[in-house]
Amino acid sequence: MRTTTMGRDGPVVGRLGLGAMGLSYRYAPGLVDRTKAVSLVQEAVDLGVNLLETADAYADGENERLIGEAIRGRRDEVVLCTGGGLLGNPDGVLRPAGGPQALRDAVDESLRRLHVDHIDLYLLRRIDPAVPLTESWGALAEQVWAGKIRMLGLPVVTVEQAREAEAVHEAAAIGAEVSLFTRCGLDDVVPYAVERRIALLAGAPLGRGLLTGAFSSTDDLPPGDWRRTQPRFAPRAIRHNFALTQAVAQVAARHEATPAQVALAWLLRLGDHVVPLPGTRASYHLAENLGGDRIRLTEQDMTDLEFLPYPAGSAEV
C-alpha cells in the first residue's frame, strides 16, 4: 500500500485506513458480532492497514473497547486515532461537549477503554459553539504536553478556525466527511491542509455505502439501520442517488474495478495528504476497499467523476 506522513513530523501511515464506527454503531447495531468485528480489525492490520479510527461517541465507548481488544499485543503496529467532544443524548442525538474539563475526562476515559498509555491522534469531533475553540484546543494541547496524546486533529473547520487553533497548537489532521457525494470545503480547506502538511482524514468515503451501488431502495437497508433516518436514503432520494452510482460504475468498468474502488481512488488522487477511512464488517469488502489503492484514474476518469451530479438529500444529520 502507498503511504504518507501524518502531519509534518508524524508517523508513516497507509493511504487507506479503517473507520471502525460501523463495527458497532449506527449501521444495524443489533446485528453486530463482536468476535467477527475484532477479527476483521486484526485482519486489516495483517493486510497492512495501520491507521485505525474510532471515537468515544461510537456506541457509548464500546467501539473503543472493541479496538482496544483487537490491538492487544499489537500496539506498535498501529497508529491509533480516537476523538471526543461529542456526547450522546438518550434519544441518540449527539451534541457538542467541548468544555476543557469534559475533554480532559474524555481523554482519560478513552485511554482506559483502549487499554493504552497514549493516543497517537486525537480528533476534536465537533466545535462546541458554547466554548471558544482556543479553550477546547488548548485543553487537548495540555494532554499532548502530558504525554497522553501524540498529535491533534481538527473537525470540519473553516480556514480561519484552523488558523485560530494552530496558533495554540499545530494540527496533524483534519477529520471530515469527504467523498464523491460530499465535497464541502475542498476548495479552501484542502489547499490549507496541503500548505501546512496536514492530513485530511476522509470519513464516510463511500457515502455511507451509497457509492458502492449496493442500495437502490430503502428496503435494502437492514431494519433498525440508522441510515433509514437520513435524507440521502429516503425512498425518492435513494433512487436518484443509485442512478448516480451508475456513472461511477462506468468508470469502474474501464479498470475492471468496483464502484467502491473508484470512489476511493478518486479520493487518493486528490493528493498524498488525503487518507480515506472506509469501514466495513465483511472481509471481502475489506479486501475490495484495499484494492482501491491499485486503481490509477486517468484525466478522463477524473473529468467524468468531477461532473457527477450532486446527490439528493443532505449529508449526515
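In this predicted model, strand β6 (86-88) and helix α3 (100-114) each supply at least two residues of the lining of the second largest pocket. Helix α3 has the largest share of that lining, with four residues.

**Second largest pocket**
- The volume of the second largest pocket is about 270 Å³.
- Its lining is made up of 17 residues, and the closest to the pocket centre are Asp-56, Ala-57, Asp-60, Leu-86 and Leu-87.
- Sorted by class, the lining of this pocket holds nine nonpolar, four polar and four charged residues.

**Cavities**
- The model has two cavities of 30 Å³ or more.

**Lining of the second largest cavity**
- Gly-17, Leu-18, Val-49, Pro-278, Thr-280, Leu-286, Asn-289 and Leu-290 line the second largest cavity.
- Helix α9 (residues 283-290) gives the most to this lining, with three residues.
- No charged residue takes part in the lining of the second largest cavity, which has five nonpolar and three polar residues.

- Four charged residues belong to the lining of the second largest pocket, whereas the lining of the second largest cavity has none.

Technical notes. Residues numbered from 1 in each chain as written. Predicted model: local features only at pLDDT ≥ 70, side-chain atom pairs only at ≥ 80, totals over all residues. Heavy atoms only, no water. 1 Å grid on protein atoms, 1.4 Å probe; cavity = no way out; pocket = protein on both sides within 12 Å on 5 of 7 lines; lining within 4 Å. Points joined across faces, edges and corners; volume = space filled by probe spheres on them. Nonpolar A, V, L, I, M, F, W, Y, C, P; charged D, E, K, R; others polar.
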